[in-house]
Amino acid sequence: MAGWRRILSYLGPHRGVLLLAALASVAFAALDALSIVVLIPFLGAVFGAGAVGGDAAAEPGQIDRVLDFTVGRFIDLDGDPQVAVAGIIVFMLVLVVLKNAVDFARTCLSARVEQGVTRDLRNQVYGHLLELDLAFFGRVRTGQIVSRLTHDVEQLRTLVTAELIRALSWVLVFGATLYWMLVVSARLTAAAFIVVPLTMVIWGPLIRRLRRGDREVLDMAGEVSAHIQETVSGIRMVKSATAEPRERGRFLKLTTGYFESFLRVVRIRALAGPITEVLVALGTAVLLWYGARMVVVEGSLSGEAFVGFIFLSTKLYAPVKYLSKLPTLIQPGLAGTERIFEFLDAPAEIRDRERARPFTGVHVGIRYRDVHMEYREGEPVLRDVDFFVPAGTVVALVGPSGAGKTTIVDLLARFYDPAAGAVEIDGTDIRDLRLASLRGGLGVVSQDMVLFHDTVRANIAYGRDDAPHEQVEAAALAAHAHDFVMELPQGYDTVVGERGATLSGGQRQRIAIARAVLRNPPVLILDEATSALDAQSERVVQEAMEALLEGRTVFVIAHRLSTIRRADRIVVVDGGRIVQQGTHAELMEEDGLYRRLRELQFR
């Protein structure tokens, strides 16, 4: 029940429009039923019948009194039959026009609620996505995230709005029709519902199987999306390794699994139509037999009332058929809802502490104090990391791949929090600093710097959208990027393509450096910033980075040891531990890992 309350809470901001849609649905249901009921006085006027009749639950003459109160307010049903017939026909036409006008309004209002819920939910999911920690993105595949943000949100929209609003409309049609059926004959109405208990017995097991099946289909859809995302991101590797057949085979396995899961669910859901039709046919047979008996044998119901009742019952069975299938129709939405709520309930563990202070720069230095870090419990990636970086100095982190260098700088940005120990700036634990302020004071230039499918100007000013063009251009000049930018087709307004696909590696790095220059951060992190560049591009980028180093506290991660000789201090990391510290000259005098790595590179 709590889950349904949470689902329905998304309708809260749209309750005004939803109320109007509900009122339109009430009006539609009333007009729709009345357009059928007027057939009874029409048939009576045509065939010259007397009173309609009733039974124990609806005393004789009740239908006449109700008709006099509705249709009779506009038409003299007891007057000239020809005039009455003409009046009823005009009345029916007016009802049809009004009914369709109301239906148009209902459709537009419902669509407004549907899209409003979709927009709000998608914004909430995306906003929560941005708040989650990097650990979450390490656990969940990108395709699964995209699937929940698109496909699963659409399933929830279908559940919360499309199906529930449609169900409300059908319930109102059902109620209006049922009212008139009871007015005509309560006994005949009871006969029409003889198959309802049988329907409930049949649907129970089907619904349980559908819930499991729909969840499996959504999970498989997420895996398909994840594989596509992974292949597209690594398409260069796929082609260079001539691995197209392998990827084709993997994708075929996933799509076949999705295909089979989907068909299993379709087979179960497809039973809804035939089962409902058979039950409706059974109910209609009972209705025809019992109604004919009331007219011919008992004489408790007039012929035109029976004909009108039959027409009403056709209106009744449409909502009954829909509502009987509703449990199967909402199962995909419920499965999608479970997946979305799992996503929304994932906690953002990296948060501001109470009374956190703003980050004002590094005045004394940065200290890693006995830091222990693990991504999975019992699998440490850093052990007893302890070193000090004085303000305004350049420290280089070197060591084999997987030693923990990137994890060390990730802790400084609080992408993760250490399992033990602390990272301190000027003696203050960075967990006592405001997160946005801390990260705003960091500049990062990495080997795989991300550029967005936007203009050069927007990419340089990313995170500082209010920066004037003069500052953007000055940053580009400092990064040695201005000249090549001006050679682009639209200069600073040139769209660089996804991940900067239209630029070379060196150009992308200089755009990234310009972004860091514009931010003017007190702390700079250079993570393998030139390792993927050729010698000429590396020289240009190195010259551009000189503008960044002055007056900042800098962390440099590099496998190419020739790039770190300018560092004031070198920290050597191996197996998650610091094994050496010192200047280049000091470390070369020791028979340690640093000298062995250097000799290996320059042998």
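This is a predicted model: local features need pLDDT of at least 70, side-chain atom pairs count only at pLDDT 80 or more; totals for chains, interfaces and linings use all residues.
Colour by secondary structure next. The chain shows 23 helices and 10 strands. Now think about contacts. Take those between residues at least 6 apart in sequence: 77% of them join residues at least 24 apart.

**Stop 1: helix 18**

Select residues 469–478, which form helix 18. Which residues of helix 18 are buried? They are V472, A475 and A476. Look down the helix axis. The buried residues fall within an arc of 100°, so they line one face of helix 18.

Show the surroundings. What do the buried residues of helix 18 pack against? Their partners are helix 17 (456–460), helix 19 (482–486) and helix 20 (505–519). Then step past the end of the helix to H480. This residue follows helix 18 and has a positive phi, near 60°.

**Stop 2**

Select 394–398 and 569–574. These are strand 3 and strand 9, paired in the parallel sense over four bridges. For one of the bridges, pick V395: its partner in strand 9 is R569.

Pick V571 here; its bridge partner in strand 10 is Q581. Display the side chains too. In a regular strand they alternate between the two faces of the sheet.

Move to the turn of the hairpin. Two residues lie between strand 9 and strand 10. G575 takes a positive phi there, near 60°.

**Stop 3: two loop residues with positive phi**

Go to R355, in the loop between helix 14 (331–344) and strand 1 (365–376). R355 is not a glycine, yet its phi is positive, near 60°. Is R355 buried or exposed? With 75% relative accessibility, R355 counts as exposed.

Finish at D426. Find this residue in the loop between strand 4 (420–425) and strand 5 (428–429). D426 is another non-glycine residue with a positive phi, about 55°. Its relative accessible area is 27%, which makes D426 partly exposed.

Conventions. Residues are numbered from 1 along each chain as its sequence is written. Side-chain values use heavy atoms; hydrogens and water are left out. Two strands pair if DSSP finds at least two bridges between them. Contact means heavy atoms within 4.5 Å. Buried means under 20% relative accessible area, exposed over 50%, partly exposed in between (1.4 Å probe, protein chains only). The arc is that of the directions from the helix axis to the C-beta atoms.
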